[in-house]
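Subject: Structure handover

Hello,

Please find the sequence and structure below. My notes on what was found follow after them.

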Amino acid sequence: MRSRVIMVFAVVAVLLGGVLLVPAAYARLAGDDSGGGGGGAGSVAAPAPTPPPPPTLAAGPVSVTFKGEFFSWALMDRRTGKISGSSNMASTSSTESMIKAWIVSDYLRQLKDKEPTAALKEAARLAIIDSNDTAANKVHAAAGGSYKPSKSSKPDAVIQRAITICGLTDTKRGNVEPYTGYWSFTRMSPRDAVRLGDCIADGKAAGPKWTKWVLDQMSKVQGTTAKKDQKRESGGGRWGIINGLPKSITAQGPVSIKNGWTPINYDGNWHVNCLAVNGKWSLAVMLRYPIKSGLDYGAQVCASVATQLVTPQPGAALKVPQQPVGKL
């Protein structure tokens with residue numbers, strides 16, 4: 001009798017186990033069936049989200065608290081060639097040392113595959129990384145430039161080639177005596193400045209042999225706005241746009257820059273220009289404002305414009321000192 005009871009319990013256990021196992025096995029089989037029906041949908045992993053594009057600069061609104069004679073900016077999307085900017089981006093101001101990047105490029109392009117003398121190559125390097133005036137004058141002369149007084153309204157040969165080669169539409173000879181014809185008083189618009197940056201970056205300015213070298217020197221510009229870095233014939237020029245770019249952009253590759261800055265006695269203004277270019281964009285900011293505001297003020301305006309054009313936005317834009325009033 002006892003053995004029968006045990007056997008009955010064993011049979012019941014087997015039957016119950018089969019009832020429980022069969023649905024479970026069926027569920028597993030149905031879940032693995034990717035051939036159709038709703039059974040397989042629950043086990044398919046959701047597709048990974050598409051990562052957002054890396055940050056860049058793109059057209060957008062810019063608001064800067066500014067008081068001065070001139071504030072203008074322009075941005076070129078180098079992939080499309082489209083230029084956006086302030087409503088006055090075709091208006092001009094003196095280039096100051098910003099034009100040195102072109103002077104060096106123009107000289108080196110004329111050499112083609114030849115090497116410059118050691119002295120002139122060093123002068124070209126110093127003209128960019130230290131914004132050295134004496135060095136720039138040597139390169140300008142070697143490129144065929146001239147400061148001879150002239151009644152012509154055209155810039156000298158070096159600047160005229162920039163207009164022709166880079167397709168500049170607003171650039172013209174500076175006509176302020178006694179500086180007429182001097183390279184730093186060339187009148188250029190932010191719209192032309194971003195064209196110039198693109199022209200340097202795409203190889204037309206310096207040619208195939210020297211473009212990489214020029215861009216490399218522009219990425220190595222050194223020195224700050226501090227008094228110790230600002231000398232009579234050279235000055236620290238690593239500030240402005242480069243300081244307004246987040247690491248998420250600068251980490252993508254070198255950003256090549258060339259600023260221009262001079263306090264001008266005849267109009268009582270700082271003339272400050274910032275130019276930066278990389279593989280995707282070219283950005284220029286040009287300013288004239290009272291000398292009493294200082295160089296740092298202009299550097300911060302340039303940085304603020306750059307920060308506001310970053311997309312997607314990394315955070316709040318840099319604030320410009322609040323001493324001036326009014327908006328552009």
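**Strand 9 and a serine**

S282 sits in strand 9 (residues 281-290); helices (H or I, at least four residues) and strands (E, at least two) are DSSP runs, numbered from the N terminus. This is a predicted model, in which local features need pLDDT of at least 70 and side-chain atom pairs count only at pLDDT 80 or more, while totals for chains, interfaces and linings use all residues. Residues are numbered from 1 along each chain as its sequence is written, and side-chain values use heavy atoms, with hydrogens and water left out.

S282 counts as buried because its relative accessibility is 0% (buried is under 20% relative accessible area, exposed over 50%, partly exposed in between; 1.4 Å probe, protein chains only). Its side chain reaches the backbone oxygen of V194 at 3.0 Å. Not counting residues up to four places away in sequence, S282 touches residues that include A74, M76, R78, V194, G197 and V277 (contact means heavy atoms within 4.5 Å).

**Two loop residues**

K204 lies in the loop between helix 6 (190-201) and helix 7. K204 counts as partly exposed, because its relative accessibility is 40%. The side chains of K204 and D202 are joined by a polar contact of 2.5 Å (a pair of N or O atoms within 3.5 Å; within protein, one must be able to donate a hydrogen and the other to accept it, and residues adjacent in sequence count only if both atoms are side-chain atoms). Leaving aside neighbours within four places in sequence, K204 is in contact with R109, I165 and C199. I165 is 39 residues from K204 along the chain, and their C-alpha atoms are separated by 7.1 Å.

N175 is in the loop between helix 5 (157-166) and strand 5 (187-188). With 62% relative accessibility, N175 counts as exposed. From N175 to T186 the C-alpha distance is 8.4 Å, at 11 residues apart in sequence.

**Pockets, hairpin and cavity**

Both kinds of space come from a 1 Å grid over the protein atoms alone: a cavity is a set of points where a 1.4 Å probe fits but cannot get out, and a pocket is an open set with protein on both sides within 12 Å along at least five of seven lines; lining residues have an atom within 4 Å of a point. Grid points are joined across faces, edges and corners, and a volume is the space filled by probe spheres set on the points.

The largest pocket has a volume of about 740 Å³. It is lined by 25 residues, of which D133, R232, W261, T262 and P263 are the closest to its centre. Strand 7 (residues 260-264) gives the largest share of this lining, four residues.

Strand 7 pairs with strand 8 (residues 269-277) in the antiparallel sense over five bridges (two strands pair if DSSP finds at least two bridges between them). T262 has H271 as its bridge partner in strand 8. The hairpin of these strands has four residues between them, and there G268 takes a positive phi near 70°.

The second largest pocket has a volume of about 180 Å³. Its lining includes R78, K212, D216 and V277, and helix 7 (residues 207-219) supplies the largest share, four residues.

There is one cavity of 30 Å³ or more. The largest cavity holds about 40 Å³ of space, and among the residues lining it are P155, R173, W183 and T186.

Regards
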